[in-house]
Amino acid sequence: MKRLPALLVLCVAAPLCHAQLSAEQKIVDFQQIAALFAKRYSFLEWKKQALNFDGLDLPPWIDRIRKSRDDLEYLEICAEYAAGFKDGHTGLMLPSDFTAELPFEADLYGGKALIDWIDRSALPESRYPFAIGDEFVSLGGVPVLEIVRDLERFLPEGNPRSAQRVATAF
């Protein structure tokens, strides 16, 4: 009878426990990702010649993974690896239902991030007096174009302009 309360406590507390992957788990996981590219990605040699990106040169990636502080940093490294192929048909997708979106969108026009859509049900004009065509300058005090440059490293776009526009939309 005493087992039931202990089991109940474990069942209730288990979702509250957040564990990080060990360095060895991250490395094995990454090696699985690289093995998928090695086995199924037919452009490995061409990407090596055309982009100077060797998807089979794993030691630099494994070194970074070994030094990663947490799972988020590890997953960013994996996303950078997949994006290194600069192929819009590849990428890293995580099985998650978490999303975060801003109630407006921007795109690049003449090298500037300009707002091109606003959800006025979420951002009423009386409280948020910006308009379509206004320049999106910063987010949290960080210049938008700096954020765009940082996001580009995760995007597998083959065309630099496309990567900038997708990063701006993000």
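**Group meeting: a walk through the model**

Hi everyone, let's start at Asn52, which is found in the loop between helix H3 (44-51) and helix H4 (59-67). Asn52 is not a glycine, yet its phi is positive, about 60°. With a relative accessible area of 70%, Asn52 is exposed; here exposed means over 50%, buried under 20%, and partly exposed in between, using a 1.4 Å probe and protein chains only.

Before going on, a word on ground rules. This is a predicted model, where local features need pLDDT of at least 70, side-chain atom pairs count only at pLDDT 80 or more, and totals for chains, interfaces and linings use all residues. Residues are numbered from 1 along each chain as its sequence is written, and side-chain values use heavy atoms, with hydrogens and water left out.

Now the overall layout. The protein chain has seven helices and four strands, taken as DSSP runs numbered from the N terminus (helices are H or I, at least four residues; strands are E, at least two). Along the sequence the pattern reads α-α-α-α-α-β-β-β-β-α-α. Of the 170 residues in the protein chain, 28% are buried. Taking contacts between residues at least 6 apart in sequence, 48% join residues at least 24 apart, where a contact means heavy atoms within 4.5 Å.

Next, the loop between H5 and S1, where Lys86 sits. Lys86 is another non-glycine residue with a positive phi, about 50°, and at 34% relative accessibility it counts as partly exposed. Asp87 has its place in the loop between helix H5 (71-83) and strand S1 (104-109). Leaving out residues up to four places away in sequence, Asp87 touches Tyr41, Phe43, Lys47 and Pro156.

Elsewhere, the structure holds seven salt bridges. One of them joins the side chains of Arg153 and Glu80 (2.7 Å, N to O). Arg153 lies in the loop between H6 and H7 and Glu80 in helix H5, so this pair ties together parts 73 residues apart in sequence. Glu80 is buried, at 14% relative accessible area, whereas Arg153 is partly exposed, at 30%. Arg153 also meets Asp150 in a salt bridge (2.9 Å, N to O), and Asp150 is partly exposed at 39%. Through shared partners, salt bridges join Arg64, Glu80, Asp150 and Arg153 into one network.

Last stop, the largest pocket, with a volume of about 1,500 Å³. A pocket here is an open set of points on a 1 Å grid over the protein atoms alone, with protein on both sides within 12 Å along at least five of seven lines; lining residues have an atom within 4 Å of a point. The lining of the largest pocket has 35 residues, and Phe98, Ala100, Leu151, Phe154 and Phe170 lie nearest its centre. H5, S1, helix H6 (144-152) and helix H7 (160-169) are the elements that give two or more residues to this lining. The largest share, six residues, comes from H5. Thanks, everyone!

How values were computed:
On a 1 Å grid over the protein atoms alone, a cavity is a set of points where a 1.4 Å probe fits but cannot get out, and a pocket is an open set with protein on both sides within 12 Å along at least five of seven lines; lining residues have an atom within 4 Å of a point. Grid points are joined across faces, edges and corners, and a volume is the space filled by probe spheres set on the points. A salt bridge is a side-chain nitrogen of Lys or Arg within 4 Å of a carboxyl oxygen of Asp or Glu.
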